[in-house]
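Notebook open, structure loaded. I jotted things down in the order I looked them up.

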Amino acid sequence: MPFESWGLIGLFASAFISSTVAPGGSEAVLAYLVSRHGHSVLELVAIASVGNTLGALTTWWLGQWGAQKYPAESLVKDRQRSLQTIRRWGAWALLLSWLPLIGDGLCFAAGWLRLSLLASLTAIFFGKVLRYIAVAYVFV
């Protein structure tokens, strides 16, 4: 595997991990790779967006899994903020899934409430793409 590919794999892995409940810094990896001008910006944004979306869907599936054992009503009141947001705005709230900490809660809540996978995927993906385009634009 060519050495240049390791940067793309690292970007994907960083984006995936950053979108789960684990901390990460995919924006910094993207900014570094964009500033090096070794890959097309479109390719970098696409890889970061797909990785980050798949990580968010992992959190969404964890929400679905958690809902099987614990109904939403069993949660402590202060833990229901994400659930209330998803109930009010539906999949549209997932456009904000890129926000640190808040986005993880929204994805988890969407899975917990069994929002449509297609609607969730679409909103998550567009939110992630727009965020990565903005980051890449700053460093082009």
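I started with F126, which is partly exposed at a relative accessible area of 48%. My cut-offs: buried is under 20% relative accessible area, exposed is over 50%, and partly exposed is in between, with a 1.4 Å probe and protein chains only. F125 is partly exposed too, at 30%.

Ground rules before going on. This is a predicted model, where local features need pLDDT of at least 70, side-chain atom pairs count only at pLDDT 80 or more, and totals for chains, interfaces and linings use all residues. Residues are numbered from 1 along each chain as its sequence is written, and side-chain values use heavy atoms, with hydrogens and water left out.

**Rings.** I paired rings of Phe, Tyr and Trp (its six-membered ring) if their centres lie within 6.5 Å; planes under 30 degrees apart are stacked, over 60 edge-to-face, the rest tilted. That rule gives three aromatic pairs. One of them is F108 with W112, tilted, at 5.3 Å centre to centre and 55 degrees between the planes. The two sit four residues apart in helix α5, so about one helical turn separates them. (Helices are DSSP runs of H or I, at least four residues; strands are runs of E, at least two; numbering goes from the N terminus.) F108 is partly exposed at 29%, while W112 is buried at 9%. F125 and F126 also pair, edge-to-face, at 6.0 Å centre to centre and 70 degrees between the planes.

**Helix α5.** I checked residues 102-112 and found eight of the 11 buried. Among them are G103, D104, L106 and C107. The cover over those buried residues includes α3 (41-69), α4 (81-89) and α6 (117-139). Just past α5, R114 has a positive phi of about 60 degrees.

**G51.** What does G51 touch, leaving out residues up to four places away in sequence? I got F12, A15 and F16, with contact meaning heavy atoms within 4.5 Å. G51 belongs to helix α3 and is buried, at a relative accessible area of 0%. From G51 to S19 I get 8.3 Å, C-alpha to C-alpha, across 32 residues of sequence.

**Charge over ring.** R131 lies over the face of Y132, 4.1 Å from the ring centre. The test wants NZ of Lys or CZ of Arg within 6 Å of the ring centre and within 35 degrees of the ring normal.
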